[in-house]
Each structure stands twice: as C-alpha cells, then as structure tokens.
There are 2 protein chains.
Amino acid sequence: MVAPQGFTAAGVFCDIKRLGTGKGSDKGPKRDLALILSEAPATVAGLFTTNQTCAAPVKVCVERVKRGRARAVVVNSGNANACTGREGLRDAREMVDLTERVLSLPVGTALVGSTGRIGVQMPMGNVRAGITAAAAELGATVDHAARAVEAIMTSDSRPKQIAVEFKLDGRVTRLGGMCKGAGMIQPGMSPTGRRPASSPLHATMLGFVTTDAAVTAPALRAALREAVARSFNRITVDGDMSTNDTVLVLANGLAGDPKAPLRDPGSAAFAPFQAALNHVCLALAKMIVRDGEGVSRFVTVRVEGARSFADADAASRAVANSSLVKTSWCGGDPNWGRIIDAIGYSAAKVVEEKVDIGYSAPGSRKILWSLRRGQPTKATFKELCAAVAPREFDLHIRLNLGSASALMYAADLTEEYVAFNKGDVADPNSLGG
Amino acid sequence: MVAPQGFTAAGVFCDIKRLGTGKGSDKGPKRDLALILSEAPATVAGLFTTNQTCAAPVKVCVERVKRGRARAVVVNSGNANACTGREGLRDAREMVDLTERVLSLPVGTALVGSTGRIGVQMPMGNVRAGITAAAAELGATVDHAARAVEAIMTSDSRPKQIAVEFKLDGRVTRLGGMCKGAGMIQPGMSPTGRRPASSPLHATMLGFVTTDAAVTAPALRAALREAVARSFNRITVDGDMSTNDTVLVLANGLAGDPKAPLRDPGSAAFAPFQAALNHVCLALAKMIVRDGEGVSRFVTVRVEGARSFADADAASRAVANSSLVKTSWCGGDPNWGRIIDAIGYSAAKVVEEKVDIGYSAPGSRKILWSLRRGQPTKATFKELCAAVAPREFDLHIRLNLGSASALMYAADLTEEYVAFNKGDVADPNSLGG
C-alpha cells in the first residue's frame, strides 16, 4: 500500500442494519461505518448521481463540495438515507456536524456518503456511537484502510482499493482510492447532481480518492470530471442508476509545493496527476463490474464509427443493458442477432448493411468478425463460441457511419443476479437497496 | 370459436429449423408455417417494428400494406429472416409470390411474417414445400385455426387467440385474433416502421386480426393505431424491441354492407368496431406478457399525475424495465425504494416529495399506499408483502405534477428467464431470436 501522506482511516461496526448482536460471523459482524481524515486542509471535488430521487447525503455533499475545501468523509453502509425526507436530511447533517466535532475540524469540512436500503430512517443512536468509535480508531496503516474499505461494502464480495505512486515536478506523489458497488450500477454523475440536458442518463457506487498532490479546487474538479467520464460513468451492471452514487477526491498537498499547486489541467505539469487519477478511477470502476452481483462475464463494449458521441453512447448502452444480450453472454452464446437488434432500437443512427460485429481478447485489435457490413462472415459457430467463452472479452461494434466512439464496461445477467436481488422477504435485512 | 366469415387458416410442419425428423414429440414436431386466407377481397392495415434493424418480411409488408388491400398472410416460426441481406429480401418476396400463385390470388395481395433466430438464411426448399402443403390444408374449423396458431409460436408455452361477436348497424359481425410472443418483447410499432421523432422507443411479437366487418383501409389504419397504442405498444417482457414485430388486421366486409363500409373512426357507428378491436388487441397483448419467458408475475404499472404523456410513458417504462424492480416482483418484495429510484433516473420530471406509490388488486381503486408524498405510510412490511404476493397486481405511481397518465403491462424477471435465454450452445437450435 502506497497510501498518500497525511490521510488516516477507520472502519467500525455500529449495527446500522440493526442486526442485534447474534448475526455476526466468526470474525464478528461486517464493519458498517468508515471515516477518512486528512490531517491537513485539502481541496475537494465531487461528482454525484443525476437521479432526481437523490439521497440526503448527496444533497449535503453537493452543497459542501462547492466550497472546494474538505477534511473528512464519514460513510456508512446498510442504509442509503434515501427517500427519508426532512428527517433524513437532518440526520445526514448531524453526521457531518458530529464528525467535525469529534475530530475538532472547522465547520463545513466534513462530507458524508451512505449506501444500503432505501426508505428507512437512519438509526442515529448507532450512527453517533459509530462516528465516535471510528474517530478513536483512526490510523494510517494498511489495516486501517482495509477496515474502512470493509465498512463501505454492501453486496460486494470483495474489497476494492488501489494506490499509485508517481512524480510531480520531481516529488514523489501518491494517489489512492477505494470504492464499493455491485448492484444498482449504471452511474451518470455530474458535479451538481443535476442532469445536463444533452447527457445520457444512467448503483450505488461510492468512490473515495485521496492524494497528497497539491491541486487547486477548480483544477481538481476538472480532473475528476475527465477521469469519471472515462471510468465510473462508463460502467453498468444492471442499468439501474442509484440515488446515492458519489465520487469524492481530496488533495491535501503534503507531497507538493503548497505555494504552487497544480492549476492548469491542460498543462504538461498536470499530465502525470491526471494520468494517475484516470488510472485509479478506471481500475476501481472495472473492479465494480467484475464484482457485480452474480456476474460471470466482463465485456468491454466498444462502439466505433458512430455519427456522434451521443450515438456511440446510446448504442453502447443499449447493448450493455439488453437483457437478451446479457443472458447470451452468460450462456457463452455468440448471438450477434441480439446485438444488432439492440443497436437497432437504440437512439443511435444505424444502417444494418454497414454494421460490423466482432470479438477479441481484452484490449486486443485481433478481432474475430462475426458480421461485416451486415453480412455473417465465414467464422464458424464453434470459433465464435470460443471467442465469447473467456471470463473477459471485448465486443467490437463498428457502425461505419462516422468517426465517433464510446465504450461501456458491462456485465452479463445471470441466474445468480436474479436469485440475489429477489431476496428473501422473510428476512428484510437481506433485501438490497 | 366465433370465427369471422370468409377466412380460412392452416398450419403445417415444414422443418424451418432443419431439425431433421428425429426431434418431434409424440404428436409430431411443432408446426412452423401458417397461412391465413380471406376468400373475399379485404382491406388491410398494419403496424411494424420501429427497430432500424428491420427484418425482410417487415420491409415487404410495409410496402404492400400501403395499398390497403390484401387476401392472405403467410407466417413462419423458427427463422426471423432478419439480418439476412438481399438474399433474405428475395426469400421474403418469394414467400408472398408463391403464396399468391398457389392460392391464385392477385399479385400484391399476400403478406408475410417471420419469427425465430436472427441472421440465418431461410431454408427455402422447406418453406416452398410448407406453403404448398398449407394451401392444400386451408379450412375454417376451430382445428384449422389452432394449427395456424401453433405454427406461429416460438418460445410461447401456450397458444394465444380470441374472437368476439358484436353488432354493427344491426348485423352480427365478428373479429378474431391470434398472436405469438414471449421474449424480445417491448414493441413500439408504427405504420411505416419508421420511428416518430417524438415517440418513445421500445419483441418479436406477431399479431393477426381478421374481421368480417366492412371498413375502408384508412379507417382500418386509424382504428389499428388506436388499438395498438393501448395494447401491444404498452407491453414489455424484457425491454428488447424485436426486428420483426408486426400486427396486421384484414377486414373482408362479408358481414357488412360492402357499399357502405365504416369510414369514420370518430362516428357512433364506428364505436362498436373500435371497441371490439381494442378488446381483442388488449386481450392478446396481455396474453403475451402473462406467457412471457419465465414470467411469474404480471404487473400493471399505472403512472398518473405526470406533466405530460411523454413523462408518464418514460416513468412507466423505466419501472417496467428496471432489473431491480423486476427481480423484487419475482421475490415478492414490496421494495418501493427501487421504484422511486427508477422513476428518478427516467426522463420524466419527478419531485421525490410529491410521489405516491401503492398497490391494488388488478383494476381495483382500493389502493394500499406504501408511500404518500415521498413519505413511507403506516402500511406494515407484512401488509405490503401481501399486496405483491399475488400472481397479478397493479402498481400505482402518482407523480402529482400534472394530469397525464400512462400504463405498462409488465413482467417480473426470474431465474427461469435467464436460464431460458442463456440457452444451450451445444444445441444452436435451442438459441432464441
């Protein structure tokens, strides 16, 4: 772990699902409340779900992130604090206020994230105890980070974190991130939580990035938009955009020159930082899809040759979210008919006689075409089955109508996804957000 | 069976899937080619998939239906004749030409429909033999109709047909319909197969309606649009719009006064005909959803109080196609959080604090509310579970922002749907369209 300097973390169990005490595993119940603290003042940027049904913690963060300064993030799993009305908003505010108080932070510098079931009021007694306990346990070791990562997980089968080290103006700089997300995943995040009119729409995913680079708040905002546009906003597990999607990045500058923070996202000096942020966001985004609920296949849907980005985006999302395409991936069936059907009903302009569809190993340009210019190739059914048999492959779709492209990192649809999400009504705690 | 006068039908097995002969059940293999014939000249109207990847038989029908006159329809299952290029178009034309020849019909009066796997050329030797055999077996009995219905089925578990009798200007008139469809179901049909710019987009479903009413072609067209807008275009099984969706209605006038056909869809005289057509189309559309692949729940999603029909439509489709909402229905989980999440990411304007969500028995206005004005009601989890336990229920969503409404007839998402559609790649014939 190459953790950025000056950040500490903690993760505790405070029983946000009100499991009581009897339900823990041998290791004790899963942690459910995390704290991340920057020892020094940090700049901050955030992107938030564009869902109009937007959770209380998102509302609180959207307001606070605008100021561009933050010190801490408190995050809980087990309850989304969404559709909880005024009481929910009061609770989210109490969470940041209490975090500031117990950590002696300036007012307005704590942020909050929540994930879990929608429409249940937060058990604030437990939450208060959790924040106090977490504050007492903050530390900078690998174990501390691991506990925080565990605390933000819901249906995730494994923790998701990554950190990188790079040089900025000769100084060793670090950038690390953690995230959660497995279902209700097709984020479409914007800085204000408001939806750009022209933008495509589309779990809860929560992502928290920390860096000891020195970056101004506006530059950090631009860098995060760029990174998320290529990562979290290009993933789908089940096509459902959550009420709680949140990505935050805090930059405390401890590895940089506080008098000369990075301020120009277009500059050569900025490039290593942008590259590191892009890398971490993309790695985390892919972890979410690979660990998606019930997922057995990870497919990169690459649409090229569209008339416009909007068309490429629409075609890639139609394919990535088609139940029939996704079940065919699950079955190892190279059913290009379902793919051309999906692009045909998308909002993208498509001319059947121009469409190419093929498969490759991840990232490879050695493509086995199943369709060229709307006509089946000589590739045999057996060859095509072999191309879609691996756990990961790329699907190449060329519309041959223009030069725009888009890609989606997508998952198959399995019986396990359905079994998990239909839940067990005898045990409401089993029912996901 | 109250079959319209002057129509005959047949259904035969001609091995369109090239199963060989070893694969039949005790009763022989399922029939796969149907013929419907009007003994007298008939007016015709049709609506077709707006998928840009549009099958050859749809292209042929769109052109022919414009003339407003038809005598026969030839329909095959087992092969969609979609994405089959020029050869496919030639094959679809040969099917109508051969039908006209063997039945001694005027040129241009036969229509064609196909359903099955996409991207495989039609086995024309078998098709030709099938058309000739079907023509020899045409008849007007209940058995003849049943054979035709069987022949158009693919993954359908049961045949779908209905007929009604009503009076037009004192004369006993009949209207009957048959349809197929179980997967790749979210039709969005238009008269030209072209997509209205303002229209929402969204199986193969095939529907064939016959009547002995006398109706002019323009009036029949208007009547069909009205009926389909309230039926087939309001259903979804899996959100995938097919390349082949087709609904045709033929009116041969044998029960009416050929000199005074119905010509004014707004008139009192027209109303009984419109009512009969609406009734038959709606009954058939609901049969499709109830028999959808793996379906265990039939849910009528009723959105009211939207700012506009477009908003109501978008909200109803978002809910009806959300993987998380559909799996919760499968599990009997009254998870309104997933519902408000789905309307929140839809294109409809939604204000969380104004939303009501509730459940009733089908068609009942006795609603158990789970959410009023964005706040959970006092309804208990147990009561809500009881409301979503039945095989069929209505979901009421009130946006309380305006006066527009829309509804969708929707299905749950089950493990059986996934198991069926992931198919068995060892047996390509098992792989659906």
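**Entry 1. Terms and model**

I take axes as lines fitted to C-alpha atoms, for helices over the stretch in contact, with angles running from 0 to 180 degrees between N-to-C directions. I take helices (H or I, at least four residues) and strands (E, at least two) as DSSP runs numbered from the N terminus. The model is predicted: local features need pLDDT of at least 70, side-chain atom pairs count only at pLDDT 80 or more, and totals for chains, interfaces and linings use all residues. Residues are numbered from 1 along each chain as its sequence is written, and chains are lettered from A and ligands numbered from 1 in the order in which they are written.

**Entry 2. Helices across the chain contact**

I looked up α8(A) against helix α11 (residues 415–422) of chain B: the axes come within 8 Å and cross at roughly 70°. α8(A) and α11(B) are therefore roughly perpendicular to each other; angles of 65 to 115 degrees count as such, those under 35 as roughly parallel, those over 145 as roughly antiparallel and the rest as oblique. The crossing of α8(A) past α11(B) is right-handed, the term for a near helix turned clockwise from the far one by less than a right angle, with anticlockwise being left-handed.

I noted the residues that meet: A:Leu324, A:Thr327, A:Ser328, A:Cys330 and A:Gly331 from α8(A), and B:Val418, B:Asn421 and B:Lys422 from α11(B). Contact here requires C-beta atoms, placed from the backbone, within 7 Å. I sorted these residues into three nonpolar, four polar and one charged; Ala, Val, Leu, Ile, Met, Phe, Trp, Tyr, Cys and Pro count as nonpolar, Asp, Glu, Lys and Arg as charged, and the others, Gly among them, as polar.

I then turned to α11(A) and α11(B), whose axes are 8 Å apart at an angle of about 175°. The two helices α11(A) and α11(B) are therefore roughly antiparallel. A:Glu415, A:Val418 and A:Ala419 meet B:Glu415, B:Val418 and B:Ala419. This contact of α11(A) with α11(B) has four nonpolar, no polar and two charged residues.

I recorded 55 residues from chain A and 54 residues from chain B in the contact. On the side of chain A, the elements giving two or more residues are α8 (323–331), α9 (336–345), β14 (375–376), α10 (381–388) and α11 (415–422). The largest share, seven residues, comes from α9(A). The side of chain A divides into 23 nonpolar, 24 polar and eight charged residues.

**Entry 3. Domains of chain A**

I found domain 1 (7–290) and domain 2 (298–413) in chain A; the bounds come from an automatic or database domain assignment. Their C-alpha centres lie 33 Å apart, and 11 residues of domain 1 are in contact with 11 residues of domain 2. On the domain 1 side, β9 (235–236) and α6 (271–290) give two or more residues. α6(A) supplies the largest share of that side, four residues.

Definitions and conventions:
Two residues are in contact if their C-beta atoms, placed from the backbone, lie within 7 Å.
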